[in-house]
Amino acid sequence: MTGTFNYEKDSDNIVTVTMDMSGPVNAMNDEYMALMGSTVERLEAERDSIAGVVLTSAKKTFFAGGDIKSMLTLEPGKGEAEMFKMNMEIKSVLRRLEKLGKPVVAAINGAALGGGYEICLCCHHRVALNSKAVQIGLPEVSLGLLPGGGGIVRMVNKFGAERAIMPLLEGTRFSADKAHAAGLVEELADSPEDMIAKAKAWVKANPEAQNPWDVKGFKIPGGDAKNPKIAQMLQGRNPMLYKKTRGLVPAPVKILDVIADTLRVDFDTALEIEARVFVSLVTTPIAKNLMNFFLQMNQVNGGGSRPKGFDKYQTKKVGVLGAGMMGQGIAYVSAMAGIEVVLKDISQDAADKGKAYSEGLLDKRVAKGRMTEEKKAQVLGLIKATADADDLQGCDLIIEAVFENVDLKHQITQELEGKLAENGVWGSNTSTLPITLLAEPSKKPENFIGIHFFSPVDKMPLVEIIVGEQTSDETLAKAFDYSQQIRKTPIVVNDSRGFFTSRVFATYLDEGALLLEEGVDPVLVENLGRAIGMPVGPLAVQDEVSQQLGVKATETNMALDARLGDNFSRETASYRLSKRLIDEHGRGGRFHGGGYYDYPAGGEKALWPEIYNWFYNPEVNLPVEDVKDRLLFRQVVESLRCYEEGVLNNVADANIGSIMGIGFPPHTGGVLQYVNTYGVKAFAQRLAELEDRYGERFAVPQVLKDKAEKGELFA
Ligand code: NAD
């Protein structure tokens, strides 16, 4: 099929150009350049006989942005000159369209993000269909890029620097009505017909339309670079940005630079600067990581790890066993997705408390105006809090979230499995216990699976699904579909102690504790944890998880080692220090009044001073790079081991799981993608150095050696 830009002139001489490219979406590529180029040529040739132009799309989306896959293949020093040339060509055609001398209106029938909205910006007027399908904005920053199709330059010229800055730096995606309120589109329409009618009416009413920056005497709203208020505002932005990005992602800083340049030079020079800076970003490792993350997110959410051949399954009634911290959250997200929930605990009182948690969250939504009282009542009405096992009868899914104890979990399975509807699924929310072991007493181990949530359940976007030895594909497909029903991103891993996320997460806590034991200043450990891009330092995370839970989990697993005859649970530094904090000082974690930190009521947390008397040695002076790499690489090494052991099935699940489940720094693109852009060989060499200096936990995994030898990436 060949694509077209359908060209249709009506009796009023208004030309409707309907973009209908050969792919599933309209996108900025060679085909676009040919189609847009010839369309603009024809419009120019027929200028005198036309009244104006309406630009719309035949696809569900208006226009997608650049072609990420082809941008990903671009290597530094290769192809940048062509990329610049192509960018300038795209811009020059759009510039001719906006200077046609006739009104041009964008009729936005679907998503117009990135390049799509940049096309809209060069039109003289924008009418958007008021539908959920419409999303508007310039999200390039989230891909480590900047809007390179004139987006920055036109936003600044249209709105002034102050108003342009947030949508550009945050990459906000606006719904149609929010875009209208923000001025990104001038009109809303109720139907596609209404949209075209409004666009044509505007053409008729504005025969002389031009963009303001092409009118003689134009001044940028709010002032240009010479305006002291603007200069000060821009200056103040840099430190703010640094605080947010910790200097780890260049795109926002570059966007700010181009905004500043746009305020200094003429319009066409600004377009050229924007192109140069855009090209300089495309080949950076961070842009590659973020673009790769975007594609792998689509792969995961598009069902890359879901077995084929099973119809999409809708869970209608879910039983949640244990109304504690996790169970209450699982009940909430399920009810929010419209699923009937039976929340069972050992007493009615405990179950009621779990349901009250949902009520609290719903009250907050109502107070913020994000939910009506009726809707709240409806959601709460879906949750039945109970201590009566019979209420579970007929559930198509039961998720067990009782204490982390094999015998208890076994007993509950035996008691309650029979309540499931025919062929219903039994899910365990265990964080570390092997699913195959938990499934032992089950009469239908093929229907038994791990559905591992993250705390707090209502906020954390990931679910880690664990496939036991006997789990069937059908069960996996159902668990996958349930996770998507409750709007979580599911990754799928194979059974092992600690699965993937818990294993990797534990190494960060442990490396922090090891550094303390070696005498490194705890403040340095914490700051360098944040400097590599982790949300908080390893000691603060340990406090959040709670020392108590950590110790309990380790001891459960040590007992399990004896039972299974393996040695998964080596005594770790995080265990040693947690135990000492609890046993000698009663410091069980933040929830229990304090851990590594004190948490004064109403004040900022501060490191517990006594911690300095434990190990701190001012003579210890480890290279900062070593400390940073130890905190980051430990997690990567553990992930590589999960990959070579077959716990991980694919690279996308590893990358997405690490960023969304355990806060691995997003600019890395995830635990395995980080190795790709660091350089597989270079990474192996650096690991070998760390092993020499700090011990065999940094030993180079075989899979890394193999990849390095073959010159392959983790893809
Ligand atoms: P919790 O102690 O807060 O809650 C457990 C609940 O189970 C309690 O309310 C308890 O009364 C109830 N319970 C115990 N026996 C029961 C029975 N026979 N029938 C019904 N209810 C019973 O624990 P939690 O933090 O919610 O953890 C629950 C599970 O989730 C554990 O397996 C844990 O490893 C796992 N998990 C926890 C986290 C976390 O961050 N806390 C994260 C992921 C997974």
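**View 1. S11, an exposed loop residue.** At 72% relative accessibility, S11 counts as exposed (over 50% relative accessible area, with buried under 20% and partly exposed in between; 1.4 Å probe, protein chains only). You will find S11 in the loop between β1 (4-9) and β2 (14-20); helices (H or I, at least four residues) and strands (E, at least two) are DSSP runs, numbered from the N terminus.

Before moving on, a word about the model. It is predicted, so local features need pLDDT of at least 70 and side-chain atom pairs pLDDT 80 or more, while totals for chains, interfaces and linings use all residues. Residues are numbered from 1 along each chain as its sequence is written, and side-chain values use heavy atoms, leaving out hydrogens and water.

**View 2. Helices α13 and α14 cross.** Here the axes (lines fitted to C-alpha atoms over the stretch in contact, with angles from 0 to 180 degrees between N-to-C directions) of α13 (residues 325-336) and α14 (residues 348-367) come within 8 Å and cross at roughly 50°. From α13, the contact (heavy atoms within 4.5 Å) is made by Q328, G329, Y332 and M336. Their partners on α14 are K353, G354, Y357, S358, L361, L362 and R365.

**View 3. Helix α19, largely enclosed.** Take a look at α19 (residues 501-517): 14 of its 17 residues are buried, so the rest of the structure largely encloses this helix. Just after α19, G519 takes a positive phi of about 100°.

Terms used: The expected span of a helix is 1.5 Å times one less than its number of residues.
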